[in-house]
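Hello,

Here is the structure you were going to look at. My notes follow below it.

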Amino acid sequence: MPQRVSPLLRRPVLLAGAACAVAGALAGGLLLYGPSGGDSSQPSARTVTGTPAQVVPPTANARFDYQIGGPYRPAAAVRAVSRDRAAEPARGLYNICYVNAFQAQPDELPWWRANHPDLLLKDAAGRPVIDKDWDEVLLDTSTADKRERLAAIVGRWIKGCAASGFQAVEPDNLDSYDRSQGLLRQSDNAAFARLLAHRSHAAGLAIGQKNTAEMLDRRAAIGFDFAVAEECGRYDECGAYAKAYRDRVFVIEYRDADFAKSCRLWGDRLSIVRRDVDVTSKGAAGYRFADC
């Protein structure tokens, strides 16, 4: 994979719209767990009951909007949307649930330290290994036992996505091994992703490979159903994703030139959008959205 000269967007900011969605879920009787109350063994997860629905992968080249920084009403032509797991899905659309599965978000770090400190990756001196771009401590996927325990936690988030009405999930930071100071292997994250794929399918959700083109050859073994590829036009990776997933690829570009290039080369086959790098809500300063 080409060297990333600028960080990819990985962590959404939970904006007011998403917070309101959480409040609405509480009012509607969905039980949320986390540091703020309820079962202190789980951060921000939801319960789900019943028989899983059939897994339905997304349609290739569906009009798409990427809203992980805060939900808003999609344009009339949009048929698929990705939103943070704390947000409600968009009614009548194909909804993808964003889950930060391989790193601990800063606001949840106290919970991890209090409940599962050994699941945070540490160096030889016992210091946490941090993704400095986003100030997120990496989760430790280095052993089968830790992967199983992490999958139990993230699996509850995935069930929460299903309970909310999402059709798919995108677990982010699959490439955390690249930031692990050599403490994690690609195979560690692949094994953890396989556990998440099993839990996603059991919950009735399709699961997307998020970035990490160097792991495309592991997609079948892991169980990925589609891909979410940030800046694949910029780094000439869209073709590899398109071939691997038979065009079931959601592309997000953050620069005008890259968006124009992706549309020219892949606009008739892939779902491509131009977003601002902060993925802000419509109406906010800096908001950008366009599709091919």
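**Notes on the model**

Strand 7 and strand 8 (residues 136–138) pair in the antiparallel sense over two bridges. Strands here are DSSP runs of E with at least two residues, helices are runs of H or I with at least four residues, and both are numbered from the N terminus; two strands pair if DSSP finds at least two bridges between them. Within this pair, Ile130 stands opposite Val137 in strand 8.

The model is predicted, so local features need pLDDT of at least 70 and side-chain atom pairs count only at pLDDT 80 or more, while totals for chains, interfaces and linings use all residues. Residues are numbered from 1 along each chain as its sequence is written, and side-chain values use heavy atoms, with hydrogens and water left out.

The open sheet has three strands in the order 6-8-7, with antiparallel pairing. Strand 6 (103–104) and strand 7 (130–131) are at the edges with a single partner strand each, so one side of each has no neighbour in the sheet.

Asp65 lies in strand 3 (residues 64–67). Asp65 is buried, with a relative accessible area of 1% (buried means under 20%, exposed over 50%, partly exposed in between, with a 1.4 Å probe and protein chains only). Beyond neighbours within four places in sequence, its contacts (heavy atoms within 4.5 Å) include Tyr72, Arg275 and Phe289.

Trp112, leaving out residues up to four places away in sequence, touches Ala104, Pro117, Leu119, Leu120, Leu139, Leu150, Ile153 and Trp157.

Regards
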